Amino acid sequence: MKCDSCSARIELTFMNKIVGTYYRKGKKKKVVCPQCQKQYSDAELRQKLNL
Ligand SMILES: [Zn+2]
């Protein structure tokens, strides 16, 4: 799985959860890595992801 903002690889934890965050809008689901979360605000990320 890759970050939809910067294309960095997103790891899974041993519980099979992603190291990152999902952004959802309707049926669209995007995933964002922790670095992008630190770098951008929620609003900026949603804009980048077209959400
Ligand atoms: Zn990223």
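1. Pro34 is found in helix α1. Here helices are DSSP runs of H or I with at least four residues and strands are E runs with at least two, both numbered from the N terminus. With 13 C-beta neighbours inside 10 Å, Pro34 counts as partly exposed. The scale behind this label calls a residue buried if 20 or more other C-beta atoms lie within 10 Å of its own, exposed if 12 or fewer, and partly exposed in between, with C-beta atoms placed from the backbone.

2. The model under review is predicted: local features need pLDDT of at least 70, side-chain atom pairs count only at pLDDT 80 or more, and totals for chains, interfaces and linings use all residues. Residues are numbered from 1 along each chain as its sequence is written.

3. pLDDT is the predictor's confidence in each residue, from 0 to 100. For the protein chain its mean is 95, and 100% of the residues reach 70 or more. Helix α1 (residues 34-39) has the highest confidence in the chain, at 97, whereas β1 has the lowest, at a mean of 94.

4. Leaving aside residues up to four places away in sequence, Pro34 touches Val19 and Gly20; a contact requires the C-beta atoms of two residues, placed from the backbone, to lie within 7 Å. Cys3 is 31 residues from Pro34 along the chain, and the C-alpha atoms of the two are separated by 9.2 Å. For the protein chain, 39% of the contacts with a separation of 6 or more are between residues 24 or more positions apart.

5. As to the overall arrangement, the protein chain has two helices and two strands, in the order β-β-α-α from the N terminus on. Its C-alpha atoms fill a box of roughly 30 × 25 × 15 Å along the principal axes. Of the 51 residues, 14% count as buried.

6. Strand β1 (residues 21-25) and strand β2 (residues 28-32) run antiparallel and are joined by five bridges; two strands pair if DSSP finds at least two bridges between them. Tyr23 stands opposite Lys30 in β2, and Lys25 stands opposite Lys28 in β2. The strands form a hairpin with two residues between them, and Gly26 in the turn has a positive phi of about 60 degrees. β1 is hardly covered, for the count of buried residues among its five residues is zero.

7. Which phi value does Ser7 have? Phi of Ser7 is near 70 degrees, a positive value in a residue other than glycine. Ser7 lies in the segment before β1 and counts as exposed because it has 9 C-beta neighbours inside 10 Å.

8. Asn16 is found in the segment before β1, and its 6 C-beta neighbours inside 10 Å make it count as exposed.
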